[in-house]
Amino acid sequence: MSEREQRLERLNGMLRRRGFILPAFEIHGGAKGFYDFGPVGGRLRSRVNQAWLDHWLRMGNIVELSCPTVTPYAVLEASGHVGEFSDFMTVCGSCEEASRADVLLEAHHTNPDALKMDELQNLLDASKPECPACAATEWSPVEAQNLMFNTTIGAGSSGRQGFLRPETAQGMFTSFNVLFRHFRERLPFGAVQLGKGYRNEIAPRQGMIRLREFNMAELEYFIDPEKKPEPNLGDLGDLMLTLVGEGQEPSSMRLQDALDTGLIRHATVAEFIGRTHRFLEHVGIHTDKIRFRQHEQDEMAHYAVDCWDAELHGSYGWVECVGIAHRGCYDLEAHEKATGKTLRARREFDEPRTTVIDAWTINGATAGPAFKAMAGQVKKAVEDLPKDTVFPCTVIIDEGATVEVLAEHVKPNQKTIKETGEWYLPHVIEPAFGIDRIIWHVLDHAYKEDIKNDDKYVRMELSDKIVPVDMAVFPLFEKDGMGERAWAIHQRLCATPGLVSMYDASGSIGRRYARADEIGVPRCVTVDHQTLEDETVTVRSRDTGEQIRVPIDELC
RNA sequence: GCGAGCGUAGUGUAGUGGUUAUCACCGAGCGUUGCCAACGCUUGAACCCGGGUUCGAGUCCCGGCGCUCGCACCA
C-alpha cells in the first residue's frame, strides 16, 4: 500500500473516530452511498453552507430559495431528466420478472425507445406482449426506472409519480416568474439554493466523493443574452488560476487574460470562475490544488452550452467539485414548452420599433367558408405574399398542398405596429457546488501529521471561518473550584451567538490539547489557580502552541 | 451491474475447527501530577447479518449487506 493510501486510511479513521463523517445506519449493516455528519462534522457542514450563502448573497442581486426535494414527474420530464436518466420498467403479473417496456414492445412499434411513458402504457395495454420468462400477458403499470429515486406523491391509486430531485436547479427555474417580479423585472439576478440532491448511483465509491444523497449548493444566474457583460473583471481579473482548456495542457494565467484571449468564452462565466476560486480559498482549500477544466463538447450534460469544472486535488486525485455551466435558455424554454406558461424577461427597445405592413390578408367572411380547416394556414401564406400579387393565384401552404386563392378571398392589409420592447428567454449561468466533495477536500487539505515524540501528531489546520469548534475550555484540574469556573466560562462562550465551545476535563492537559488539535480547535482556554485569583486564563493557539494570558472578559 | 479480494471492541490488529477471543492505542472512574498524547490502579468495548456442515464455527460452505480494487455505467 502506498504512503498516500496509508495516509488516507489514517485520515478516514480519524474522521470516523472523532465524529466528522461516518457511514450512515451502520448498526443495521450500513447503506452504500450514505454518510452521517457526526457531532463534529454536523457543525462543519453548516458553517461551510453558511459561508457559501454569505459568499453569493454579498453580490447584492441574489436571493435564497428553498424548494421541495420531492418533485412531480412532469417537472423532471420537462427538464429532460426523465428522458436522459430513465428506462421504463414493467413487472410481469405472474412471475414478477421485471422487463423494460420498450423492449417488450419492439414487435409492436418501430421505435418504442422514443415513446413517452403514457404512450408506452397505452401500447402495452393494447398489444399485451408475452412475458419473456413465463409467457403471461398481465403487466404492472409502467414505471420510470433510472438514476432518480422514485416515489409516489399521495396514497393508493390516486398517487402521482414523483422523484427525489437530482439537482436543486429545477425549483429555481420553475420559480422564474416570482424571481422576475421580486427583482422589479430587471436582469441580471440570481437565486441560490442549498439542499439535498439524490441520485440512485449504481456504484457509489470513494467515500464522500460519490453519494446517493448529497448536499448541493446551486446558483442560477439569469442574464440577458444580448447585453454584453462588463468585460473588465476588476480585481477578480488579477487572480492567477490553473486553467485546462478543451484539449489543452494545464496552464497558469490571469483570469482577465483567459477571458481576453477567448479561452473563457463568456465574461459572466469568467466572473463566476473567479468568485468560485475565492470561495474555495475562503473555506480553506489549498489554492495550488485547484484547477478549472473546460468540458469537451461531447462531455457536456444535456443542458449545457459551455461548462467549466473546478477540480480539487486530494487523496483521490483530481475530483470535480464545482460545475460552472452556461446553460443557455435550455431550462426555461423546456418548462415553457411543457406548461404553455411564459418564462421570459422583458427587454425595452431604445426607440420604439414601428413596423408598417402594407400587403394582403384574407377576408374572413369569404375565405373561412371556402377553405374551412385550412383557412388559418391560408391566412399565413397570403400575408407573406408581396403587395403586387395579382389574384387569383396559387399559394403553397404549410403541408405542401396548393390552393387557389381568388380576389374575393382577400383584402388589403395596411397597419402600423408599434413595439416598445420584446419578451425573451434569459440565459442562465449556473455554478453548482458539491458541498460534500468540497468538505472532503477541506478536511483532506487541513489534515496535518507532525512527528512529536516519535509519534504521529494530528492537527486539523482548518480555517477559522469553518471550524466546528471555536474554543475549548479546560480546567487544569477539576478541584479547588477550577472545574466550576471553567464550566461557567464554557457556558458563557456558548451563549455568544455564532460561537461554539467544548468543555473537556478528562485526561492530562497535554492529552486534551492533542484532542482539540485533532478536530482543529483554534484556541484552547485553560483555567488554573491564577484564574481564581485574578480572573485571567491562558489561551493557547493550535498552530503555534503559544500561550498568552488574557482576562476572561476579553475572550469574547 | 460483472469479476476479484476483504469484513474481529471507537481505531489499528492477532487468532491454521477445540479453554473465558490477542495486543496496542482509545474511552470512563479514582489517585498522582502546576500547561502540551506522563504514570499507577480499576473499568468499558468486538467476531457484519442470516442459513448450512460439525459433538463443536471468528475459522469451512451458501445467501444477503457493507468495504476496496478492476471493468462497465454515470457526470
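Student: How do you know that D528 makes a polar contact with RNA strand B?

Tutor: A polar contact is a pair of N or O atoms within 3.5 Å; within protein, one must be able to donate a hydrogen and the other to accept it, and residues adjacent in sequence count only if both atoms are side-chain atoms. In this predicted model, an N or O atom in the side chain of D528 is 2.8 Å from a base nitrogen of RNA strand B. The pair therefore meets the distance limit.

Student: What are the ground rules for such values?

Tutor: Residues are numbered from 1 along each chain as its sequence is written, and chains are lettered from A and ligands numbered from 1 in the order in which they are written. The model is predicted, local features need pLDDT of at least 70, side-chain atom pairs count only at pLDDT 80 or more, totals for chains, interfaces and linings use all residues, and side-chain values use heavy atoms, with hydrogens and water left out.

Student: Which element gives the most to the surface near RNA strand B?

Tutor: α16 does, with six residues. Helices (H or I, at least four residues) and strands (E, at least two) are DSSP runs, numbered from the N terminus.

Student: Why are β25 and β28 called edge strands?

Tutor: Start with the sheet. It is open, with five strands in the order β25-β24-β26-β27-β28 and mixed pairing. Two strands pair if DSSP finds at least two bridges between them. β25 (501-503) and β28 (547-551) each have a single partner strand, so one side of each lacks a neighbour in the sheet. The twist from one strand to the next averages 30°.

Student: How do you know that β26 and β27 pair?

Tutor: They share four bridges, in the antiparallel sense. The definition asks for at least two, so they pair. One of the bridges sets V525 against V539 in β27.

Student: What does helix α15 touch on this sheet, and at what angle to β24 does its direction lie?

Tutor: α15 (residues 482-494) touches β24 (471-475), β25, β26 and β27. Contact means heavy atoms within 4.5 Å. Its direction makes about 165° with that of β24. Axes are lines fitted to C-alpha atoms, for helices over the stretch in contact, and angles run from 0 to 180 degrees between N-to-C directions. α16 also packs on the sheet, touching β24, β26, β27 and β28, with its direction at about 170° to that of β24.

Student: Why is S315 called buried?

Tutor: Buried means under 20% relative accessible area, exposed over 50%, partly exposed in between (1.4 Å probe, protein chains only). S315 has 7%, so it is buried. It sits in the loop between β15 (306-314) and β16 (317-328). Leaving aside neighbours within four places in sequence, S315 contacts R4, R7, L8, W440 and D444.

Student: Are F25 and E535 buried, partly exposed or exposed, and what is the phi of each?

Tutor: F25 has 55% relative accessibility, so it counts as exposed. Its phi is positive, about 55°, although F25 is not a glycine. E535 has 39%, so it is partly exposed. Its phi is near 60°, also positive. Most residues other than glycine have a negative phi.
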